[in-house]
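Good morning, and thank you for making time for this presentation. Please keep the sequence and the structure in view while I speak.

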Amino acid sequence: MPRKKVLVHLDSSRGYSRDLLRGIYAYNNSVSHWDIIFEPAYFLKNNKKRNDLGIIKQVKPDGCILEFAENVPDLIAMNIPIIQTTSVNLVKNIPYVKGNYASDARVAADYFQGKGFKILAFFGIQGLDWSEERKSNFQKMVSDSGGEFHEYSLKGDEADVLSHNFDELENWLKHLPKPVGILCCNDDFGQILINSCSAAGIKVPHEIAVLGIDNDELLCNITYPNLSSIRRNHIKTANAICSKLNSMMEGQKHTDEIIFTEAMEVIERTSTDTIVNSDPDVSKAISFISNNIHRTLKTSTVAEHVNLSVKVLNRKFKVGSGNTISEEIQMRKLSRFKQLLLANLSVKEIAFELGFTDISHVSRWFSNLEGVAPMEWKKKYAG
């Protein structure tokens with residue numbers, strides 16, 4: 001039986017699309033074994049339309065995975081199964097990928113509130129459903145928990161953003177009550193916000209903590225301060241895309257079905273590495289724990305750093321953060337452990353990185369806290 005040919009067109013300059021490409025590659029390498037065909041780079045094409053029909057007619061693919069909707073009605077008329085990887089500019093009667101925006105809002109709200117933020121805000125763009133839905137879900141969760149909510153949206157479509165006059169945005173940032181945690185509609189807007197804070201002389205993260213969505217690692221790490229972001233299950237989404245397309249190419253009908261991407265966790269970087277606490281001793285202790293998470297930390301060492309007894313500091317911790325000193329250390333080590341797992345370090349390497357002295361018990365420690373062994377957790381969340 002001849003191998004199926006699948007045309008893939010994703011904007012590989014974006015972290016979301018690169019994640020999908022990695023997932024498509026992994027699925028194809030182990031399951032489907034299609035001939036994957038990519039459209040030429042945009043600047044190499046004579047016809048500047050994306051999804052050029054001339055290329056498609058020449059290739060004659062058995063199926064398409066497309067980010068853009070240009071010529072999709074023509075492809076439907078050609079009886080070529082299609083999955084669209086975005087909910088923007090949808091065409092009826094084809095499956096598409098959409099974010100579970102309530103899950104984004106829940107992860108963000110829990111994260112900020114766990115850090116003690118009572119004032120929260122959203123920064124997005126008007127007229128785009130994915131931004132508006134993230135905002136409305138986040139606003140509801142903040143309001144339901146008794147928090148104070150603010151929002152600012154750039155006007156126009158995405159093409160207008162780079163030419164936007166940011167004086168109004170900077171003025172909004174200056175007049176926000178502080179400290180405030182701001183959820184941005186995606187990582188691009190997180191970068192815009194951090195740059196605007198810098199221009200306005202606002203300290204990130206101590207006055208404004210900034211959180212993006214999608215965890216585009218290149219963009220997050222090149223931004224200064226480095227941008228914290230919500231990691232979503234893009235690799236798992238890619239598996240679902242490939243599985244559904246495979247069944248469509250086998251003749252099964254799928255129309256207007258949604259493949260959801262779910263928020264998983266916050267990958268914390270410098271832009272949110274702070275805690276809102278009225279007790280300076282607790283804030284100082286948490287900062288010390290965060291900066292020394294690679295060491296073998298004892299509660300007595302943390303208490304000595306703030307010149308208090310363990311008993312007194314534990315009492316302050318329970319009032320200020322809800323955790324004991326030991327629980328705070330464990331929580332932060334666990335969070336860092338997960339990040340390093342997803343960065344493909346071995347359990348042994350991570351144990352060394354985080355200052356565990358008894359490497360043989362690290363997996364048991366992780367399982368006791370998380371409910372599953374480290375590699376099982378990685379398999380579940382890395383797709």
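Which residue stands opposite Leu-211 in β9? In this model, which is a predicted one, the residue opposite Leu-211 is Leu-183. That places us at the pairing of strand β8, residues 180-184, with β9, which is parallel and runs over four bridges. Between these two strands the chain passes through helix α7, residues 187-200, and the β-α-β crossover is right-handed.

Let me stay with β9, residues 208-213. Six of its six residues are buried, and the strand is accordingly described as mostly covered. In a regular strand, side chains alternate between the two faces of the sheet. In β9, Ile-208, Val-210 and Gly-212 point one way, while Ala-209, Leu-211 and Ile-213 point the other way, and all are buried.

β9 also pairs with strand β10, residues 228-232, in parallel through three bridges. Within this pairing, Ile-230 in β10 is the bridge partner of Ile-213. From β9 the chain reaches β10 by way of helix α8, residues 217-222, in a β-α-β crossover that is again described as right-handed.

I turn now to the backbone in the connecting loops. Where are the cis bonds to be discussed here? One joins Val-204 and Pro-205, with omega at about 15°, and Pro-205 belongs to the loop between α7 and β9. Another runs from Tyr-224 to Pro-225, with omega near -5°, and Pro-225 sits in the loop between α8 and β10.

Positive phi values come next. Asn-215 is not a glycine, yet its phi is positive at about 50°; this residue lies in the loop between β9 and α8. Lys-60, likewise a residue other than glycine, has a positive phi near 55° and is found in the loop between α2 and β3. Is each of these residues buried or exposed? Asn-215 has a relative accessible area of 7%, and because the cut-off for buried is under 20%, Asn-215 is buried. Lys-60 has 58% relative accessibility, and so it counts as exposed, the cut-off there being over 50%.

Two helices deserve attention. Helix α4, residues 101-114, has 14 residues and spans 20 Å from its first C-alpha to its last, close to the 20 Å expected at 1.5 Å a residue. At its start, a side-chain oxygen of Asn-100 comes to within 3.3 Å of the backbone nitrogen of Ala-102. The buried residues in α4 include Tyr-101, Val-107, Tyr-111 and Phe-112. After the helix comes Gly-116, with a positive phi near 95°.

Helix α13, residues 325-342, has 18 residues and reaches 26 Å between its first and last C-alpha atoms, close to the 26 Å expected at 1.5 Å a residue. Among its buried residues are Glu-328, Arg-332 and Lys-333, together with Ile-329, Leu-334 and Phe-337. α13 is followed by Asn-344, whose phi is positive, near 70°.

How many aromatic pairs does a search of the whole structure find? The search finds 11. One of them is formed by Phe-123 and Phe-189, a tilted pair at 5.3 Å centre to centre with 50° between the planes. Phe-123 is buried at 0% relative accessible area, and Phe-189 counts as buried at 4%.

Phe-337 and Phe-366 also form a tilted pair, 5.1 Å centre to centre with 40° between the planes. Phe-337 lies in α13 and Phe-366 in helix α15, 29 residues apart, and this pair too links distant parts of the chain. Both count as buried, Phe-337 at 0% relative accessibility and Phe-366 at 0%. Ring pairs join Phe-337, Phe-356, Trp-365, Phe-366 and Trp-377 into a cluster.

Finally, the cysteines. How many disulfides does the structure hold? The number is zero. For Cys-197, the nearest cysteine sulfur is that of Cys-184, 8.6 Å away, whereas a disulfide requires the sulfur atoms to be within 2.5 Å. Cys-197 counts as buried at 0% relative accessibility. Cys-242 is in no disulfide either, the nearest cysteine sulfur being that of Cys-64 at 13 Å, and Cys-242 is buried with a relative accessible area of 0%.

Notes
Residues numbered from 1 in each chain as written. Predicted model: local features only at pLDDT ≥ 70, side-chain atom pairs only at ≥ 80, totals over all residues. Heavy atoms only, no water. Expected span 1.5 Å × (residues − 1). Buried < 20%, exposed > 50% of the residue type's maximum accessible area, 1.4 Å probe, protein only. Polar contact = N/O pair within 3.5 Å; in protein donor to acceptor, adjacent residues only side chain to side chain. Pairing = 2+ DSSP bridges. Right-handed = clockwise from strand over helix to strand, strands pointing away. Phe/Tyr/Trp six-rings, centres within 6.5 Å; stacked < 30°, edge-to-face > 60°.
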